[in-house]
Amino acid sequence: MTHSLLFRQTLSTHGLIAILRGVRPEEAATIGLALHAAGIRLIEVPLNSPDPLRSIRALRDALPEDTLVGAGTVLRPESCAEIADAGGQLVVMPHGDAAVIAAAKAIGLACAPGVATPTEAFAALAAGADVLKMFPAETLGPVGLKAWRAVLTPPVAIVPVGGITPDSLASYLAAGASGFGLGSALYRAGDRADEVSRRAAAFVLAWQAAHSAH
(Lines give C-alpha, C1' and ligand atoms only; values in the text may rest on other atoms or scores of the structure.)
Protein backbone atom coordinates (compact mmCIF):
# COMPACT_ATOMS: atom_id res chain seq x y z
CA MET A 1 0.00 0.00 0.00
CA THR A 2 1.34 3.44 -0.90
CA HIS A 3 1.99 6.05 1.78
CA SER A 4 -0.69 8.26 0.23
CA LEU A 5 -3.36 5.57 0.39
CA LEU A 6 -2.32 4.53 3.89
CA PHE A 7 -2.47 8.17 5.02
CA ARG A 8 -5.99 8.67 3.69
CA GLN A 9 -7.23 5.37 5.11
CA THR A 10 -5.69 5.97 8.54
CA LEU A 11 -7.09 9.49 8.63
CA SER A 12 -10.57 8.19 7.83
CA THR A 13 -10.51 5.68 10.70
CA HIS A 14 -8.44 7.42 13.38
CA GLY A 15 -8.69 11.07 12.37
CA LEU A 16 -6.03 12.62 14.62
CA ILE A 17 -2.53 13.80 13.73
CA ALA A 18 -0.25 14.43 16.72
CA ILE A 19 2.08 17.41 16.18
CA LEU A 20 5.18 16.98 18.35
CA ARG A 21 6.69 20.44 18.01
CA GLY A 22 9.82 20.69 20.15
CA VAL A 23 10.18 16.97 20.90
CA ARG A 24 13.77 15.78 21.42
CA PRO A 25 15.18 12.60 19.85
CA GLU A 26 15.88 10.97 23.21
CA GLU A 27 12.22 11.24 24.26
CA ALA A 28 10.50 10.78 20.89
CA ALA A 29 10.00 7.02 21.11
CA THR A 30 8.52 7.18 24.62
CA ILE A 31 6.10 9.93 23.61
CA GLY A 32 5.23 8.07 20.41
CA LEU A 33 4.47 4.83 22.21
CA ALA A 34 2.25 6.70 24.67
CA LEU A 35 0.33 8.22 21.75
CA HIS A 36 -0.01 4.83 20.08
CA ALA A 37 -1.34 3.26 23.28
CA ALA A 38 -3.94 6.03 23.50
CA GLY A 39 -5.12 5.30 19.95
CA ILE A 40 -3.31 7.84 17.76
CA ARG A 41 -1.88 6.51 14.49
CA LEU A 42 -0.53 9.65 12.75
CA ILE A 43 2.45 11.60 14.12
CA GLU A 44 4.45 14.50 12.71
CA VAL A 45 7.64 16.11 13.99
CA PRO A 46 7.93 19.73 12.82
CA LEU A 47 11.28 20.44 11.24
CA ASN A 48 11.82 23.41 13.56
CA SER A 49 12.14 20.94 16.46
CA PRO A 50 15.55 19.93 17.88
CA ASP A 51 17.21 17.41 15.51
CA PRO A 52 13.85 16.46 13.94
CA LEU A 53 15.19 13.82 11.56
CA ARG A 54 16.60 11.81 14.45
CA SER A 55 13.24 12.03 16.20
CA ILE A 56 11.45 10.82 13.07
CA ARG A 57 13.85 7.87 12.85
CA ALA A 58 13.34 7.07 16.55
CA LEU A 59 9.57 7.12 16.12
CA ARG A 60 9.62 5.00 12.98
CA ASP A 61 11.88 2.43 14.61
CA ALA A 62 9.78 2.24 17.80
CA LEU A 63 6.23 2.27 16.48
CA PRO A 64 4.20 -0.46 14.77
CA GLU A 65 3.59 -0.28 11.05
CA ASP A 66 -0.01 0.82 11.62
CA THR A 67 1.29 4.26 12.57
CA LEU A 68 2.40 6.79 9.96
CA VAL A 69 5.31 9.04 10.94
CA GLY A 70 6.43 12.16 9.14
CA ALA A 71 7.54 15.76 9.28
CA GLY A 72 5.72 19.04 9.69
CA THR A 73 6.66 22.63 8.88
CA VAL A 74 8.30 21.40 5.67
CA LEU A 75 9.32 24.53 3.77
CA ARG A 76 11.89 23.37 1.19
CA PRO A 77 11.60 20.77 -1.58
CA GLU A 78 15.02 19.32 -0.71
CA SER A 79 13.80 18.45 2.80
CA CYS A 80 11.57 15.72 1.38
CA ALA A 81 14.43 13.37 0.54
CA GLU A 82 15.93 13.88 4.00
CA ILE A 83 12.57 13.03 5.59
CA ALA A 84 12.28 9.85 3.52
CA ASP A 85 15.85 8.85 4.41
CA ALA A 86 14.93 9.19 8.10
CA GLY A 87 12.01 6.80 7.64
CA GLY A 88 9.34 9.46 7.28
CA GLN A 89 6.23 8.71 5.23
CA LEU A 90 4.38 11.99 5.49
CA VAL A 91 5.08 15.65 4.64
CA VAL A 92 2.93 18.33 6.30
CA MET A 93 3.33 21.96 5.31
CA PRO A 94 2.09 25.31 6.67
CA HIS A 95 1.70 26.55 3.08
CA GLY A 96 0.81 25.31 -0.39
CA ASP A 97 4.13 25.51 -2.24
CA ALA A 98 3.68 23.38 -5.38
CA ALA A 99 7.42 22.65 -5.51
CA VAL A 100 7.37 21.01 -2.07
CA ILE A 101 4.26 19.02 -2.96
CA ALA A 102 5.89 17.82 -6.18
CA ALA A 103 9.10 16.83 -4.38
CA ALA A 104 7.16 14.83 -1.79
CA LYS A 105 5.02 13.04 -4.36
CA ALA A 106 8.00 12.30 -6.62
CA ILE A 107 9.53 10.06 -3.94
CA GLY A 108 6.28 8.49 -2.79
CA LEU A 109 5.58 10.49 0.37
CA ALA A 110 2.06 11.46 1.40
CA CYS A 111 1.59 15.23 1.45
CA ALA A 112 -0.74 17.58 3.34
CA PRO A 113 -0.10 21.23 2.38
CA GLY A 114 -1.53 24.11 4.36
CA VAL A 115 -4.26 26.22 2.72
CA ALA A 116 -6.31 29.14 3.98
CA THR A 117 -8.58 29.86 0.99
CA PRO A 118 -10.45 27.81 -1.62
CA THR A 119 -8.11 29.24 -4.28
CA GLU A 120 -5.10 27.83 -2.40
CA ALA A 121 -6.96 24.57 -1.83
CA PHE A 122 -7.68 23.96 -5.51
CA ALA A 123 -4.10 24.88 -6.44
CA ALA A 124 -2.75 22.40 -3.89
CA LEU A 125 -5.01 19.65 -5.18
CA ALA A 126 -3.89 20.37 -8.75
CA ALA A 127 -0.27 20.06 -7.56
CA GLY A 128 -0.93 16.59 -6.13
CA ALA A 129 -1.93 17.11 -2.48
CA ASP A 130 -3.36 14.03 -0.75
CA VAL A 131 -5.08 15.94 2.06
CA LEU A 132 -5.69 19.64 2.68
CA LYS A 133 -4.52 21.13 5.96
CA MET A 134 -6.91 23.98 6.81
CA PHE A 135 -4.60 26.39 8.59
CA PRO A 136 -4.95 28.34 10.79
CA ALA A 137 -8.29 26.76 11.66
CA GLU A 138 -9.05 29.09 14.57
CA THR A 139 -9.33 32.07 12.21
CA LEU A 140 -11.62 30.22 9.78
CA GLY A 141 -13.72 28.17 12.18
CA PRO A 142 -16.46 25.63 11.46
CA VAL A 143 -18.45 28.30 9.60
CA GLY A 144 -15.58 28.81 7.16
CA LEU A 145 -15.14 25.07 6.74
CA LYS A 146 -18.85 24.60 5.98
CA ALA A 147 -18.57 27.26 3.25
CA TRP A 148 -15.52 25.50 1.78
CA ARG A 149 -17.42 22.22 1.67
CA ALA A 150 -19.90 23.71 -0.80
CA VAL A 151 -17.16 23.43 -3.44
CA LEU A 152 -14.48 21.17 -1.90
CA THR A 153 -16.67 18.12 -1.65
CA PRO A 154 -15.67 14.60 -0.54
CA PRO A 155 -13.57 12.63 -1.23
CA VAL A 156 -11.34 15.72 -0.78
CA ALA A 157 -10.09 15.45 2.82
CA ILE A 158 -9.84 18.65 4.87
CA VAL A 159 -7.97 18.63 8.18
CA PRO A 160 -8.32 21.69 10.43
CA VAL A 161 -5.14 22.56 12.33
CA GLY A 162 -4.66 25.34 14.87
CA GLY A 163 -6.48 25.80 18.15
CA ILE A 164 -8.21 22.40 18.07
CA THR A 165 -9.41 21.06 21.44
CA PRO A 166 -11.51 18.01 22.37
CA ASP A 167 -14.52 20.30 22.84
CA SER A 168 -14.24 21.75 19.31
CA LEU A 169 -14.06 18.48 17.38
CA ALA A 170 -17.80 17.93 17.06
CA SER A 171 -18.56 21.32 15.52
CA TYR A 172 -15.79 20.95 12.95
CA LEU A 173 -16.86 17.40 12.08
CA ALA A 174 -20.43 18.60 11.60
CA ALA A 175 -19.09 21.24 9.20
CA GLY A 176 -17.20 18.64 7.16
CA ALA A 177 -13.80 18.04 8.76
CA SER A 178 -12.06 14.80 7.78
CA GLY A 179 -9.66 14.78 10.73
CA PHE A 180 -7.58 17.11 12.88
CA GLY A 181 -4.01 18.18 13.54
CA LEU A 182 -3.38 18.47 17.28
CA GLY A 183 -0.79 20.95 18.50
CA SER A 184 -0.19 22.51 21.89
CA ALA A 185 -3.45 21.19 23.36
CA LEU A 186 -1.91 17.72 23.01
CA TYR A 187 1.85 18.24 23.33
CA ARG A 188 4.20 21.01 24.39
CA ALA A 189 7.98 20.70 24.47
CA GLY A 190 9.06 19.11 27.73
CA ASP A 191 5.76 17.36 28.50
CA ARG A 192 6.00 13.94 30.14
CA ALA A 193 4.66 10.88 28.35
CA ASP A 194 1.95 10.34 30.96
CA GLU A 195 0.66 13.89 30.45
CA VAL A 196 0.58 13.42 26.70
CA SER A 197 -1.13 10.05 27.08
CA ARG A 198 -3.89 11.57 29.21
CA ARG A 199 -4.54 14.37 26.72
CA ALA A 200 -4.39 11.98 23.78
CA ALA A 201 -6.98 9.73 25.39
CA ALA A 202 -9.32 12.72 25.79
CA PHE A 203 -8.91 13.62 22.12
CA VAL A 204 -9.48 10.03 20.99
CA LEU A 205 -12.67 9.77 23.05
CA ALA A 206 -13.91 13.07 21.63
CA TRP A 207 -13.10 11.93 18.08
CA GLN A 208 -14.85 8.59 18.53
CA ALA A 209 -17.96 10.20 20.01
CA ALA A 210 -18.20 12.93 17.39
CA HIS A 211 -17.31 10.64 14.49
CA SER A 212 -19.93 8.06 15.42
CA ALA A 213 -22.52 10.84 15.53
CA HIS A 214 -21.77 11.73 11.91
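A residue is called buried when its relative accessible area is under 20%, and in this predicted model Thr 67, with a relative accessible area of 0%, is buried by that criterion. Thr 67 is located in the loop that runs between helix H3 (52–62) and strand E3 (68–72). When the neighbours within four places in sequence are left aside, the residues in contact with Thr 67 are His 36, Ile 40, Arg 41, Leu 42, Ile 43, Arg 60 and Gln 89.

One of these contacts, Leu 42, also belongs to the sheet, where Leu 42 in E2 stands opposite Ile 17. The strands E1 (residues 16–19) and E2 (residues 42–46) pair in the parallel sense, and 3 bridges are found between them. In general, the strands of a sheet pair through backbone hydrogen bonds, in either a parallel or an antiparallel manner. The sheet as a whole is open and is formed by 6 strands in the order E5-E4-E3-E2-E1-E9, with parallel pairing. Its edges are strand E5 (110–112) and strand E9, each of which pairs on one side only, and the twist from one strand to the next averages 25°. Helix H1 (residues 3–14) packs on this sheet and touches E1, E2, E3, strand E4 (90–92) and E5, while the direction of helix H1 makes an angle of about 55° with that of E5.

The cluster is formed by Tyr 172, Phe 180 and Trp 207, and the count of aromatic pairs comes to 2. Tyr 172 and Phe 180 are both buried. In the other pair, the rings of Phe 180 and Trp 207 have centres 6.4 Å apart and planes at 80°, and this pair is therefore edge-to-face as well. Trp 207, like Phe 180, is buried.

A further aromatic ring, that of Phe 135, has the charged end of Lys 133 sitting over it, at 4.7 Å from the ring centre. Phe 135 is also joined to Pro 136 by a cis peptide bond, for which omega is near -5°, and Pro 136 lies in the loop between strand E7 (132–134) and helix H7 (137–148). A cis peptide bond is likewise found between Pro 154 and Pro 155, with omega of about 15°; the position of Pro 155 is in the loop between H7 and strand E8 (158–160).

Most peptide bonds are trans, and most residues other than glycine have a negative phi. Against this background, Asp 51 has a positive phi of about 50° although it is not a glycine. Asp 51 lies in the loop between E2 and H3 and is partly exposed, with a relative accessible area of 38%. Thr 73, which is also a residue other than glycine, has a positive phi near 50°, and its place is in the loop between E3 and helix H4 (79–85). With a relative accessible area of 19%, Thr 73 is buried, because the criterion for burial is a value under 20%.

Finally, a search of the whole structure for disulfides finds 0. The cysteine sulfur closest to that of Cys 80 belongs to Cys 111 and is 6.8 Å away, which is too far for a bond, because a disulfide requires sulfur atoms within 2.5 Å. Cys 111 is accordingly in no disulfide, its nearest cysteine sulfur being that of Cys 80. Cys 80 counts as buried at 1% relative accessibility, and Cys 111 counts as buried at 0%.

Definitions and conventions: Residues numbered from 1 in each chain as written. Predicted model: local features only at pLDDT ≥ 70, side-chain atom pairs only at ≥ 80, totals over all residues. Heavy atoms only, no water. Phe/Tyr/Trp six-rings, centres within 6.5 Å; stacked < 30°, edge-to-face > 60°. Buried < 20%, exposed > 50% of the residue type's maximum accessible area, 1.4 Å probe, protein only. Lys NZ or Arg CZ within 6 Å of the ring centre and 35° of its normal. Helix = DSSP H or I, 4+ residues; strand = E, 2+ residues; numbered from the N terminus. Contact = heavy atoms within 4.5 Å. Pairing = 2+ DSSP bridges. Axes fitted to C-alpha atoms, helices over the stretch in contact; angles between N-to-C directions.
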